[in-house]
Amino acid sequence: MSKQRVAFIGTGVMGRSMAGHLIEAGYPVSVYNRTKSKADDLVAKGAEWRDTPAEAAKDADVAITIVGFPKDVEETYFGENGILKTMPESGVAIDMTTSSPALAKKIFEEASKRGIGALDAPVSGGDLGAKEARLSIMVGGDPDAFDVAKPLFECMGKIIVYQGPAGFGAVYEDVQSDCDREWDGGDCRGLDVCKGVWVESGGGVGEYLRRSGGQLVFEQSSSAGIEGRFRAGLLREALY
């Protein structure tokens, strides 16, 4: 069976390594980046350069974006040269940028109108995790689209978890990021900062934190006599 055609938009520090893993796995990849030179090594490996996100997505089965900020995500999807203008029906659009749940839902709703599956799939693990294909990927959106995308995720990461409807990947990433920022204070107040959302230690983000960077932080904190506090809560109430 032939590999899916992938459009990869955003070949910065993280994206360049992620797209490289897809090329090495045999996927035909077209690439776009605002600074063309940052995609030169990918083109040398066999990727096809495209001049706009729309051009990259026009014949893609899957389009992956990992760009700077939510405003860049919005432009990449909804702008004059946005991918939703050209992506074929039945394609899958995956935003892997650390973005907002509201924007993830907006992309999902517009993509659905066009017969396109959409996922929000932000990553943790940094540039080293991207280089070594051991990112943690939290995914929200269409479960059928997740099944399509999972083999690609497996080329880029080690921990891949489908969290629920559109926006859930972004929410879980917010929780994890805020929690990481607060560990130095002796507890996990970052969970409270993120829309009052708490997390069960027995699953969901609690499991994610234990299996990724949060495990090391928790052990370090415990050795200093600091007890991390996890409380049960409802993510759905934070989103809907």
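Helix H1 is largely enclosed by the rest of the structure, because 9 of its 12 residues are buried. Buried denotes under 20% relative accessible area, exposed over 50% and partly exposed in between, with a 1.4 Å probe and protein chains only. Helices are DSSP runs of H or I with at least four residues, strands are runs of E with at least two, and both are numbered from the N terminus. The model is predicted: local features need pLDDT of at least 70 and side-chain atom pairs count only at pLDDT 80 or more, whereas totals for chains, interfaces and linings use all residues. Residues are numbered from 1 along each chain as its sequence is written, and side-chain values use heavy atoms, with hydrogens and water left out.

H1 covers residues 13–24 and reaches 17 Å from its first C-alpha to its last, close to the expected 16 Å; the expected span of a helix is 1.5 Å times one less than its number of residues. Its buried residues are Met-14, Gly-15, Ser-17, Met-18, Ala-19, Gly-20, His-21, Leu-22 and Ile-23. Just after H1, Gly-26 takes a positive phi of about 95 degrees.

Ser-17 lies in H1 and counts as buried because its relative accessibility is 16%. With residues up to four places away in sequence not counted, Ser-17 touches Ala-130 and Lys-131, contact being defined as heavy atoms within 4.5 Å. Glu-132 is 115 residues from Ser-17 in sequence, yet the two C-alpha atoms are 8.4 Å apart. Met-18, neighbours within four places again left aside, is in contact with Phe-8, Ile-66, Met-96, Val-123, Ala-130, Leu-135 and Met-156.

The largest nonpolar core has 54 residues, of which Phe-8, Met-18, Leu-22, Ile-64, Ile-94, Met-96 and Phe-153 touch the most other members. Helix H7 (residues 143–156) supplies the largest share of this core, 7 residues. A nonpolar core is a set of buried Ala, Val, Leu, Ile, Met, Phe, Trp, Tyr and Cys residues joined through side-chain atoms within 4.5 Å. In soluble globular proteins, nonpolar side chains tend to be buried together.

In helix H5 (residues 101–113), the end C-alpha atoms are 19 Å apart, which agrees with the 18 Å that its 13 residues should span. Pro-101, Leu-103, Ala-104, Ile-107 and Ala-111 are the buried residues of H5. They line one face of the helix, because they fall within an arc of 160 degrees when seen down its axis; the arc is that of the directions from the helix axis to the C-beta atoms. Ala-102 and Lys-113, on the other side of H5, are exposed. Gly-115 follows H5 and has a positive phi, near 75 degrees.
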